[in-house]
Amino acid sequence: MIVPRIHTRLSLARDLDSLGIRAGDIVMVHAAMKRVGRLLNGPDVLIEALRDAVGPTGTIVAYTDWNGAYDALLDENGRVPPEWRAHIAPFDPAVSRAAAIMACSPSGNPGASVAAIGARADWLTADHPLDYGYGETSPLARLVAAGGKVLMAGAPLDTMTLVHHAEHLARIPNKRLRRYEAPFATSAGVVWRMLEEFDTSDPVVPGLDDDYFGRIVGAFLASGQGAQGPVGDAGSVLVDAAAICSFAVAWLEHHVRLEG
């Protein structure tokens, strides 16, 4: 009889410790669960292992986004035609999928929303600006300021959300802007508001490759920074948030100058 390779809460916590996650850490997690492999008691085991790794003084963060999926309806001014408004479910951070799964504190920006659980979850997600939600007072900025880390547990390197914060900080010309209307669920009913953000749906400035997030993270790892190892079956990466953010800002400013 061939026994399948099964990962447990204990074995995953050991993998996370070997990679460099410590008690008290604030860790932003991107996970490709299929790559992590077969988990005893299901996918919640990874969340439990992460909480074990950071302990009661640590915090786990995840990017949640909002599946509004109505971009095709926006007019040239970023507004939703009146006849479509009643069909679009309003943004409610408390019922986002990640927030529900993690039973944690969500932030309030639709496009840049995160959810967190642990000792500093409320601090990390509080007062998330609606405009420029990846900017200087965002949860991502707080992650950097607090000495946090980013874990890519089998997730593609080009999905590292923190690089959007570097896009905001980088002093480069011709950043593309996006203005769009979004509905918010409030106690008084649905409220529509225009939001403004650097456009993160494509490279923030013309001339950059579509996969440049992956190029940045790959170059960072090639420079000898960060840690690499398995989490379950998944090849994984752990980086210091401040270090990768500074590297990404410098990379953007250098490459945009060269290509400009």
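This is a predicted model: local features need pLDDT of at least 70, side-chain atom pairs count only at pLDDT 80 or more; totals for chains, interfaces and linings use all residues.

Me: Nice. And how many aromatic pairs are there?
Reply: The count is five. One of them is Tyr-212 with Trp-251: the centres are 6.2 Å apart and the planes are at 10 degrees, so this pair is stacked. It links distant parts of the chain, with Tyr-212 in helix H9 and Trp-251 in helix H10, 39 residues apart.

Me: Is Tyr-212 buried or exposed?
Reply: Tyr-212 is buried, at 2% relative accessible area. Trp-251 counts as buried too, at 9%.

Me: What about Phe-220 and Phe-247, stacked or edge-to-face?
Reply: Edge-to-face, with 5.4 Å from centre to centre and 80 degrees between the planes. Phe-220 is in H9 and Phe-247 is in H10, 27 residues apart. Phe-220 counts as buried at 1% relative accessibility, while Phe-247 is partly exposed at 23%.

Me: Switching topic: what's the strand order in the open sheet?
Reply: The seven strands run S3-S4-S2-S1-S5-S9-S8, with mixed pairing. S3 and S8 are at the edges with a single partner strand each, so one side of each has no neighbour in the sheet.

Me: How does S3 run relative to S4, and how many bridges join them?
Reply: They run antiparallel and are joined by two bridges. Ser-105 has Ala-116 in S4 as its bridge partner.

Notes. Residues are numbered from 1 along each chain as its sequence is written. Side-chain values use heavy atoms; hydrogens and water are left out. Two strands pair if DSSP finds at least two bridges between them. Helices (H or I, at least four residues) and strands (E, at least two) are DSSP runs, numbered from the N terminus. Rings of Phe, Tyr and Trp (its six-membered ring) pair if their centres lie within 6.5 Å; planes under 30 degrees apart count as stacked, over 60 as edge-to-face and the rest as tilted. Buried means under 20% relative accessible area, exposed over 50%, partly exposed in between (1.4 Å probe, protein chains only).
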